[in-house]
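Here are some notes for a colleague who is opening this model for the first time. Please read them beside the sequence and the coordinates.

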Amino acid sequence: MKRLIILIVRGYQKGISPFFPPSCRYYPTCSNYMIQAIQIHGAIKGSLMGIFRILRCHPFVKGGYDPVPKKFSLRRNNDTR
């Protein structure tokens, strides 16, 4: 399951993302964040973390460095501030 979701995200990165201007306000990008979250926390929790990260990525947020936390959380990683 993990491999399938990561394959879908990588397909998005290579097949769809190049046609749009870069717009992610966070580092690592939202798609890289989702892959890392899936690798660390598993398919379900990692996917949820990635989806919530995408929902946080909008024009009214400051953005910045936001790595995947070691402990599962749907909020922004506060350990980096």
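1. Proline 28 touches Tyr33, Gln36, Arg53, Asp66 and Pro67, with residues up to four places away in sequence left out; contact here means heavy atoms within 4.5 Å. Proline 28 lies in the loop between β1 (26-27) and α2 (30-41). Its relative accessible area is 9%, so proline 28 counts as buried (buried is under 20% relative accessible area, exposed over 50%, partly exposed in between, with a 1.4 Å probe and protein chains only). From proline 28 to glycine 64 there are 36 residues in sequence and 8.7 Å in space, C-alpha to C-alpha.

2. On the source: this is a predicted model, in which local features need pLDDT of at least 70 and side-chain atom pairs count only at pLDDT 80 or more, while totals for chains, interfaces and linings use all residues. Residues are numbered from 1 along each chain as its sequence is written, and side-chain values use heavy atoms, with hydrogens and water left out.

3. The chain has 3 helices and 2 strands, in the order α-β-α-α-β along the sequence. Helices (H or I, at least four residues) and strands (E, at least two) are DSSP runs, numbered from the N terminus.

4. How do α2 and α3 pack? The angle is about 155° and the axes are 7 Å apart; axes are lines fitted to C-alpha atoms, for helices over the stretch in contact, and angles run from 0 to 180 degrees between N-to-C directions. α2 and α3 are therefore roughly antiparallel to each other (angles under 35 degrees count as roughly parallel, over 145 as roughly antiparallel, 65 to 115 as roughly perpendicular and the rest as oblique). Residues making this contact include Tyr33 and Met34 of α2, and Arg53 and Arg56 of α3.

5. Arginine 56 belongs to helix α3 (residues 43-56). Is arginine 56 buried or exposed? With a relative accessible area of 16%, arginine 56 is buried. Beyond its neighbours within four places in sequence, arginine 56 is in contact with Tyr26, Tyr33, Val61, Asp66, Leu74, Arg75 and Arg76.

6. For the chain as a whole, 35% of the 81 residues count as buried. Among contacts between residues at least 6 apart in sequence, 58% join residues at least 24 apart. The C-alpha atoms fill a box of roughly 30 × 30 × 15 Å, taken along the principal axes.
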